[in-house]
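Reader: I have a new structure to look at. Can you walk me through it?
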Amino acid sequence: IERDPFGKVLLKAGVSASTIREWCKDPQVTFGPIAMTRSLFDTLEDTDADWCAALCTMIAGSVKGEKKVDVDAEIAKLKKQLEAYQPLEEAVLAIQAHVPPKAKAKAKAKAAAAPEPEKPPLRKGKGGGDASGGKGSGK
């Protein structure tokens, strides 16, 4: 493992030599944020060396024991963060509840009584002159 170029990459990435030796037997490995169990060889099949090394590092990290999380402390921390948004929630609710004042009846009547602007008269036919359709006498 120490003499193999890819083995050196895995060792440098933090995968232990004993884990690499165990992986040579194609074990079932559990990995990922949503734990899934698959054959190691099937997981790494058809991947480039850099992607394979990244997957190996992730799988090796999943093998190590996960640290215990104090759920009650995490819930208390999240509730405190939610309380910080209380003024924003109240402001949003106030904006959503706002009803604009109704327009006065006089303004509506005035707008309805305003005459439309006068349009210029339409011209009939194309241009002026006689109906011969020519361009002029050209004298």
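Author: A term to begin with: helices (H or I, at least four residues) and strands (E, at least two) are DSSP runs, numbered from the N terminus. From the N terminus on, the protein chain runs α-α-β-β-α-α-α-α-α.

Reader: How many helices and strands are there in the protein chain?
Author: The protein chain has 7 helices and 2 strands.

Reader: Where do these coordinates and numbers come from?
Author: This is a predicted model; local features need pLDDT of at least 70, side-chain atom pairs count only at pLDDT 80 or more, and totals for chains, interfaces and linings use all residues. Residues are numbered from 1 along each chain as its sequence is written, and side-chain values use heavy atoms, with hydrogens and water left out.

Reader: What is the mean pLDDT of the protein chain?
Author: pLDDT is the predictor's confidence in each residue, from 0 to 100. The mean for the protein chain is 80, and 73% of its residues reach 70 or more.

Reader: Where is confidence lowest, and where is it highest?
Author: It is lowest in helix H7 (residues 105-113), with a mean of 61, and highest in helix H6 (residues 86-97), at 93. Where pLDDT is low, the predicted coordinates should not be read in detail.

Reader: New topic. Is Phe31 buried or exposed?
Author: Buried means under 20% relative accessible area, exposed over 50%, and partly exposed in between (1.4 Å probe, protein chains only). Phe31 has a relative accessible area of 5%, so it is buried. It lies in strand E1 (residues 28-31).

Reader: And how far apart are Phe31 and Ile59?
Author: In sequence, 28 residues; in space, 5.3 Å from C-alpha to C-alpha.

Reader: What about the protein chain overall, what share is buried?
Author: Of its 139 residues, 14% are buried. The accessible surface comes to about 12,700 Å², and carbon and sulfur atoms account for 59% of that. Those areas come from the Shrake-Rupley method with a 1.4 Å probe; for residues, only the protein chains shown count as cover.

Reader: Now the loops. What is the phi of Asp26?
Author: Near 55°, a positive value in a residue other than glycine. Asp26 sits in the loop between helix H2 (17-23) and E1, and at 28% relative accessibility it counts as partly exposed.

Reader: And which loop holds Asp46?
Author: The loop between helix H3 (40-44) and helix H4 (49-63). Asp46 is not a glycine either, yet its phi is positive, about 60°. With a relative accessible area of 77%, Asp46 is exposed.
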